[in-house]
Amino acid sequence: SDLLTSGCILIGGVIIGRFSYYLIKNRLKDISQISTTSTQYLLLKSIYYPLEILIFTITIYFTIVSLGILTDQNDTILNILFVIITIIITDFISRLISNFISRLFPLRNTKYSRSPKIVDKLLVSIVYIIALLIILRHFDIDITPLIAALGILGLSISLSMQDSVANLFAGLYLVSSSPIRVGDYIEINSEKVSGYVEDINWRETKIRTLSNTIIILPNTKIS
């Protein structure tokens, strides 16, 4: 009886996960014919894969519970489940951030498929750091020394990498104020460089010249 119940839970969970995946994928196709930048489209695009993994994870948990195995390890299983669910939610949030960043900084020229990634990487990194702190806190690990250590480490790195930090803030300026965007044609007279902006990341800007050569310039040279 327990085996039959467990089998039904497992099969039912897999079916629900697959059904939700294809349902959202089909809905995305319908919405994409109208707009690929709407909030509904970006939300569904971010959630369909993490949702399937979440359903599968919960299904595995309830299958194990219904079988009555590993009952003496229930606390350990719950802790593992917490970590996995936290990672899945973090993945969903990071996908959502990436998709919204793509909408906030659209390409002006569809010839170029890459968009500025500096804000995306920064925000996603913050989300994963917060997730790590939540996991550590769940296991009653004092995170105060870790936060202090991260602060000291960050200060040390910033002092030893002043040029990189300057490029970082220059990149933030380029992305937030949008004086240039991917696909724009620019001329940097001081560097005697001209061409189309290929990418803007946290440290440098890539420019493709008319001769199809990639020139990499520090962001401080652009801003």
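This is a predicted model: local features need pLDDT of at least 70, side-chain atom pairs count only at pLDDT 80 or more; totals for chains, interfaces and linings use all residues.
Residues are numbered from 1 along each chain as its sequence is written, and side-chain values use heavy atoms, with hydrogens and water left out.

The protein has seven helices and four strands, and along the sequence these follow the pattern α-α-α-α-α-α-β-β-β-β-α. Helices here are DSSP runs of H or I with at least four residues, strands are runs of E with at least two, and both are numbered from the N terminus. Of the 223 residues, 33% count as buried, where buried means under 20% relative accessible area, exposed means over 50%, and partly exposed lies in between, with a 1.4 Å probe and protein chains only. The protein exposes about 13,800 Å², of which carbon and sulfur atoms supply 65%; these areas come from the Shrake-Rupley method with a 1.4 Å probe, and for residues only the protein chains shown count as cover. Among contacts with a separation of 6 or more, 56% are between residues 24 or more positions apart, contact meaning heavy atoms within 4.5 Å.

Let me turn to the helices. The axes of helix α1, residues 2-32, and α2 come within 9 Å and cross at roughly 180°, which makes α1 roughly antiparallel to α2. For these axes, lines are fitted to C-alpha atoms, for helices over the stretch in contact, and angles run from 0 to 180 degrees between N-to-C directions; angles under 35 degrees count as roughly parallel, over 145 as roughly antiparallel, 65 to 115 as roughly perpendicular, and the rest as oblique. By class, the contact of α1 with α2 has 19 nonpolar, ten polar and six charged residues. In this classification Ala, Val, Leu, Ile, Met, Phe, Trp, Tyr, Cys and Pro are nonpolar, Asp, Glu, Lys and Arg are charged, and the others, Gly among them, are polar.

Helix α2, residues 39-67, in turn meets helix α3, residues 74-104, with axes that come within 8 Å and cross at roughly 170°, so α2 is roughly antiparallel to α3. The contact of α2 with α3 has 18 nonpolar, five polar and four charged residues.

Within α3 I would like to pick out serine 94, which is buried, with a relative accessible area of 6%. Leaving aside neighbours within four places in sequence, serine 94 is in contact with Val124 and Tyr128. Valine 124 is found in helix α4, residues 118-138, and at 15% relative accessibility valine 124 is likewise counted as buried. Not counting residues up to four places away in sequence, valine 124 touches Ser94, Ile97 and Ser98. Valine 124 and leucine 96 are 28 residues apart in sequence and 9.6 Å apart in space, C-alpha to C-alpha.

Now to the sheet. Four strands form an open sheet in the order β1-β2-β3-β4, with antiparallel pairing, two strands being paired if DSSP finds at least two bridges between them. The edge strands are β1 and β4, residues 214-218, each of which pairs on one side only. Neighbouring strands of this sheet are turned by 45° against each other on average, direction ignored.

To answer my opening question, β2 is mostly covered, with six of its eight residues buried. Strand β1, residues 185-188, is joined to β2 by four bridges, and isoleucine 188 stands opposite valine 193 in β2. These two strands form a hairpin with four residues between them, and lysine 192 in the turn has a positive phi of about 55°.

On its other pairing, β2 is joined by four bridges to strand β3, residues 204-208. Valine 197 stands opposite isoleucine 207 in β3, aspartate 199 opposite lysine 206, and isoleucine 200 opposite threonine 205.

Finally, β3 and β4 pair in the antiparallel sense over five bridges, and the bridge partner of arginine 208 in β4 is isoleucine 214. Their hairpin has five residues between the strands, and within it asparagine 212 takes a positive phi near 70°.
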